[in-house]
Amino acid sequence: QVQLVESGGRLVQAGDSLRLSCAASGGTVSRFSMGWFRQAPGKEREFVAGLAWSGGSTFYAASVKGRFTISRDNAMNTVYLQMNSLKPEDTGVYYCAVLRRYSGTVVDYWGQGTQVTVSS
């Protein structure tokens, strides 16, 4: 059973940068495709960024492309989401996830989430 623990969420101002971390246990992030999702109040959870297990290719939602970067540190068994030029619409609970291989954004495991609030 893979466990994911997110951290790094907090209140920031528009234009600020923030880095979220996702520490994994019970599995090795280098062997998984990993993803970040977010859920704003009153909205459905949406995909934000993904990192393929093989080759390390990345893919992003159109709303964050060019501003957010997903990466991983195999030695730390941790996945990161670097968020730059934050906007109020980026506010939400951010979830780390293990993605099922060859499935796009189907999730096998979720973290508990970390709150990001961007004030205008």
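**Strands, a disulfide and ring pairs**

Let me begin with Thr78, which touches Ser21, Cys22, Ala23, Val29, Ser71, Arg72 and Asp73, leaving aside residues up to four places away in sequence; contact here means heavy atoms within 4.5 Å. The model is a predicted one, in which local features need pLDDT of at least 70 and side-chain atom pairs count only at pLDDT 80 or more, while totals for chains, interfaces and linings use all residues. Residues are numbered from 1 along each chain as its sequence is written, and side-chain values use heavy atoms, with hydrogens and water left out.

Thr78 belongs to strand β8, residues 78-83; strands (E, at least two residues) are DSSP runs, numbered from the N terminus. With a relative accessibility of 8%, Thr78 counts as buried. Buried means under 20% relative accessible area, exposed over 50%, and partly exposed in between, with a 1.4 Å probe and protein chains only. The side chain of Thr78 also reaches the backbone oxygen of Met76, at 2.9 Å.

Is Phe68 buried or exposed? Its relative accessibility is 2%, so Phe68 counts as buried. Among the residues that Phe68 touches are Arg38, Val48, Tyr60, Leu81, Met83 and Tyr94. Phe68 and Trp36 are 32 residues apart in sequence, and their C-alpha atoms are 11 Å apart in space.

Now to strand β9, residues 92-99, where 7 of the 8 residues are buried. Which strands pair with β9? Two strands pair if DSSP finds at least two bridges between them. Strand β4, residues 33-39, pairs with β9 in the antiparallel sense over 7 bridges, and Gln39 stands opposite Val93 of β9. Strand β11, residues 114-119, runs antiparallel to β9 and is joined to it by 3 bridges; here Gly92 has Val116 as its bridge partner. Strand β10, residues 107-110, is likewise antiparallel to β9, with 3 bridges, and Leu99 stands opposite Val107 in β10.

How many disulfides does the whole structure hold? The search finds 1, a disulfide being a pair of cysteine sulfur atoms within 2.5 Å. Cys22 and Cys96 form it, with their sulfur atoms 2.1 Å apart. Because Cys22 lies in strand β3, residues 18-25, and Cys96 in β9, the pair ties together parts that are 74 residues apart in sequence. The torsion about the S-S bond of Cys22 and Cys96 is about -80 degrees, and the disulfide is therefore left-handed. Cys22 is buried at 0% relative accessible area, and Cys96 counts as buried at 0% relative accessibility.

Finally, the aromatic residues. The structure has 5 aromatic pairs; rings of Phe, Tyr and Trp (its six-membered ring) pair if their centres lie within 6.5 Å, and planes under 30 degrees apart count as stacked, over 60 as edge-to-face and the rest as tilted. Phe37 and Phe47 form an edge-to-face pair, 5.6 Å centre to centre with 80 degrees between the planes, and both residues are buried. Trp53 and Tyr102 are another edge-to-face pair, at 6.5 Å and 85 degrees. Trp53 is partly exposed, with a relative accessible area of 27%, whereas Tyr102 is exposed, at 75%. Ring pairs also link Phe37, Phe47, Phe59, Tyr95 and Trp110 into a cluster. Over the ring of Tyr95 sits the charged end of Arg45, 3.6 Å from the ring centre; the criterion is NZ of Lys or CZ of Arg within 6 Å of the ring centre and within 35 degrees of the ring normal.

Conventions: Helix = DSSP H or I, 4+ residues; strand = E, 2+ residues; numbered from the N terminus. Polar contact = N/O pair within 3.5 Å; in protein donor to acceptor, adjacent residues only side chain to side chain.
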